[in-house]
Amino acid sequence: MSLTIEMPKRGSLPVDRRVQARQLTVILVALLAATSVLSLAWGASGTSLWGALVDLAAGRELSRLDSIVLFDIRLPRLCLGILVGASLAVSGAVMQGLFRNPLADPGIVGVSAGAGLAAISAIVLGAFLPPAIRDLTGNYLVPVSAFFGGWGSTLILYRVSTRRGQTSVATMLLAGIALGALAGALSGILVYMADDNQLRDLTFWGMGSLAGATWTKVLAATPIVLAALAVAPFIARGLNGLALGEAAAGHTGISVQRVKNISILSVAAATGAAVAVAGGIGFIGIVVPHLLRLATGPDHHSLLPNAALLGASLLLAADMIARTVIAPAELPIGIVTAVLGAPVFLWILLKRHGAMGL
Amino acid sequence: MQAFDIEVVLGKSQVLNGVNFTAKPGEVTAIVGPNGSGKTTLLRAMTGEIPYSGKVLLNNKNVAGLKPWQLAALRGVQPQSTTIAFPFTVLEIVRLGLTAGLSAAEKELPLRALEKVGLTGFGNRMYQDLSGGEQQRVQLARVLTQIWRPVVDGAPRWLILDEPVASLDIGHQFTVMDLTRDFSARGGGVVAVMHDLNLTAMFADKVVLMDAGHIAAQGSPQSVLTDANLAQTYGCPLPVCTTPHDGTPFLLPQARHARVT
């Protein structure tokens, strides 16, 4: 297997990018395994966990400290990183397919902000809920609220920016700014209402971080993220068809309204879960699908699973940078992804200048 | 394919008033008319792209009761122009037709369809890099892939085209129009919105002339494309002649300054 992905050239022999995409999937699985091991071994407490990992692999007993660092700090953080990275990248790819535009991303168009507002509401106002409801929803109150917040913002965004099956990019981005500003302002009001305990919960929202990773959060996010990712194979053909436009997609036999509904629900669930457990982490949803389209093309059958794999790896890598560059202190991971991702976003804008209605 | 009492209101204006339309399998039916006469609107209503009142039948089944995939198995619709959102290759676009119709097992169809529209060897080119006319033919190849066989289980399938030759050079106009005749000769039905009246006269079995939201005349090219009909709908004199060998009508428009009176 070759590590280089050949781009189709004019007049060249038929290159089936589906084959390349499958090869890439294998590479990305290996990459995720490697970053996972690195992420477990690498952290503020030094490299001693290499030894712990080797001990563990050899079936030897771990020291108590190593055991706590490995199983209660780094492992939940690893799981959360994989869930969040996969969610962000897949919801970016699905949203871009839905809006027929590579710049659509839950973080940029206000969906994350809407999910964040709902999550903050749940934290601050949840105390006023009847105990029966609080007991019923338990740990799921925040992620489920974030889901509904993301869903509502996506619906508003789609209604505002899509007329007769055509999405206006300018309207979408501007509506996203308005939605984000509104959600941010309302979130600000809630932060003022919050008590000290809640404020501590809220501080990590600003930039996004995996630092608060616990098994509770992992368990709360897992079913929602898995549900959102599980629908990907069923909407891949629909999203490919939507690239032709809504009317033409319908004529190829796709139930356009159903694809749209499932996509919006899936984006809301994945974004909501990611925001609920890790705050707003930007640009993963832009960068990952864009790199994959460059490598193996826009076919959503391979784009969506590959985005999940690469998104998870990239977020783990960003997290390793976030927690080691100024160790023992920690950078919010949102800063790392923004520093890496914003230039890529600008690069896409530059390359698309004048094309496709921008 | 039949349409009864089609009425379409766009905004505040009534674009179609009670249009009744019939196209038979085995024939090429052309819809012609001046700009704004409602030809594309009629096509878009009959394909369900815009809301309408009235009834549309396809092989005697009401299309309102059919699911998108059932319709896709019966008819392929080529849009006027299509911009693609992502960097798909030509072959990837044509393959979108493969997954839609009844022919999912036949993997070589996209390549054969590309050959038919004169785009052999274009499979790995980026769709976005092609000229408008080439893109239009890629879309036709995609639609042909979707309804490759004109007749399935004794039932005709329908090729519905919105200005299929609008941005094509004259050679490829003939390539595409020959394809429509081939499709109808093998039992399928073709409905096409056309601008070029000469091509229409050469290739259509039936012509439907639209004017201001209703059908002004319909029938064979000889009976519809007459001096009187065309002068009335297009508002300028369009002398119709006939070819000596088979009597096919053709138009020889003349500029005002050079007109022989």
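Author: Two residues are in contact if their C-beta atoms, placed from the backbone, lie within 7 Å. Helices (H or I, at least four residues) and strands (E, at least two) are DSSP runs, numbered from the N terminus. This is a predicted model, in which local features need pLDDT of at least 70 and side-chain atom pairs count only at pLDDT 80 or more, while totals for chains, interfaces and linings use all residues. Residues are numbered from 1 along each chain as its sequence is written, and chains are lettered from A, with ligands numbered from 1, in the order in which they are written.

The part to look at is in chain A. From helix 3 of chain A, the residues A:Val90, A:Val94, A:Gly97 and A:Leu98 meet A:Ala232, A:Ile235, A:Leu239 and A:Leu242 of helix 10 of chain A. By type, the residues of this contact are 7 nonpolar, 1 polar and no charged. Here Ala, Val, Leu, Ile, Met, Phe, Trp, Tyr, Cys and Pro count as nonpolar, Asp, Glu, Lys and Arg as charged, and the others, Gly among them, as polar.

Two packed helices are described by the angle between their axes and the distance between the axes. For helix 3 (residues 64–99) and helix 10 of chain A, the angle is about 35 degrees and the axes are 9 Å apart. Axes are lines fitted to C-alpha atoms, for helices over the stretch in contact, and angles run from 0 to 180 degrees between N-to-C directions. The crossing of helix 3 and helix 10 of chain A is left-handed, meaning that the near helix is turned anticlockwise from the far one by less than a right angle.

Next comes the other chain. In all, 28 residues of chain A are in contact with 26 residues of chain B. Helix 10 (232–242) and helix 11 (246–251) of chain A each give at least two residues to the side of chain A that touches chain B. Helix 11 of chain A supplies the largest share of that side, 4 residues. The residues on that side of chain A are 11 nonpolar, 12 polar and 5 charged.

Chain B itself has 9 helices and 14 strands. Its C-alpha atoms fill a box of roughly 60 × 40 × 35 Å, taken along the principal axes. Of the contacts in chain B with a separation of 6 or more, 65% are between residues 24 or more positions apart.
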